[in-house]
Amino acid sequence: MPTVYLIRHAQASFGKSDYDRLSPNGEQQAALLGKALAGRGVSPDLVVCGSMRRHAQTAALALPDAAADVDKGFDEFDHDEVIVAHKPAYRRRAVMLADLARTGHPGRAFQQMFTAATERWTLGGDQYTESFADFCDRSEAAVRRTAERLGKGETAVVVTSGGPIAAVVSRLVSGGDGLWLKLNPVTVNTAITKIVSGRSGLTMVSYNEHGHLDGTQLLSYR
């Protein structure tokens, strides 16, 4: 039975001018991910990643001997656009960082703000370049496209982001997009989600596995 492993990228550089680059912790997470995949006996016939730098860096560190195909269907949604639609003043990054810093707990404050921004996005509106429904459609299409490339018993490893993984899992589990808001915030960096492709279609076998981070100080959600 063809198997697709969806991997959330390792920790990016939250709070830095260039977010789309792995942090030092992220580099360690990616190395541990590679060991975890090897320990499972995962030797992928196909490696795919989104077009973002953090996707490619994670794939290269975890699977250094594999060349990854790029599929933009696995890209994350435009979080900057979603934030600015919710808080127009945050078009200026310095304003957002200053507001968050004033709370004394910038990480927590960002999560609260981001939750409100994504909730607004899921409700629709024409101010977004990509609607929430279109995002979920392309995420599901990317996984189906990958599964169709696999032969009997073959395996694909896909490095993507938390948003696409949550979109796919929500649809496979519930048949709709209603679980996305609950799943997206809890997707762990380098967590592994396993999907199999059979006669009845795609089935999620496991979600958000991150045992390779147990006993370390590396578990992160942002």
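Strand β2 is covered on both of its faces in this predicted model. On one side L46 and V48 are buried, and on the other V47 and C49 are buried as well. A residue counts as buried when its relative accessible area is under 20%.

The neighbours of β2 within the sheet can be named in turn. Strand β2 runs parallel to β4, and four bridges join the two. Within this pairing, L46 has A156 of β4 as its bridge partner. Strand β2 also runs parallel to β3, to which two bridges join it. Here C49 has V70 of β3 as its bridge partner.

Antiparallel pairing is found between β1 and β5 and between β5 and β6. Strand β1 comprises residues 3-8 and strand β5 residues 192-198; five bridges link them in the antiparallel sense. In this pair, L6 stands opposite T193 of β5. Strands β5 and β6 are antiparallel too, with six bridges between them, and they form a hairpin that has two residues between the strands. The bridge partner of G198 in β6 is G201.

| Strand pair | Sense | Bridges |
|---|---|---|
| β2 and β3 | parallel | two bridges |
| β2 and β4 | parallel | four bridges |
| β1 and β5 | antiparallel | five bridges |
| β5 and β6 | antiparallel | six bridges |

Helix α2 spans residues 53-62, and its buried residues are R54, H55, T58, A59 and A62. These residues lie on the same side of α2 because they cover an arc of only 130° around the axis. Among the elements that cover them are α1 (24-39), β2 (46-49) and β4 (155-160). The paired strands β2 and β4 therefore both belong to the cover over the buried residues of α2, as that cover is judged by heavy atoms within 4.5 Å.

R54, which is buried in α2, is among the residues nearest the centre of the second largest pocket, together with M52, D78, H79 and D80. This pocket holds about 230 Å³ of space and is lined by 14 residues. Its lining divides into nine charged, three nonpolar and two polar residues.

Technical notes. Residues are numbered from 1 along each chain as its sequence is written. This is a predicted model: local features need pLDDT of at least 70, side-chain atom pairs count only at pLDDT 80 or more; totals for chains, interfaces and linings use all residues. Side-chain values use heavy atoms; hydrogens and water are left out. On a 1 Å grid over the protein atoms alone, a cavity is a set of points where a 1.4 Å probe fits but cannot get out, and a pocket is an open set with protein on both sides within 12 Å along at least five of seven lines; lining residues have an atom within 4 Å of a point. Grid points are joined across faces, edges and corners, and a volume is the space filled by probe spheres set on the points. Ala, Val, Leu, Ile, Met, Phe, Trp, Tyr, Cys and Pro count as nonpolar, Asp, Glu, Lys and Arg as charged, and the others, Gly among them, as polar. Two strands pair if DSSP finds at least two bridges between them. Buried means under 20% relative accessible area, exposed over 50%, partly exposed in between (1.4 Å probe, protein chains only). The arc is that of the directions from the helix axis to the C-beta atoms.
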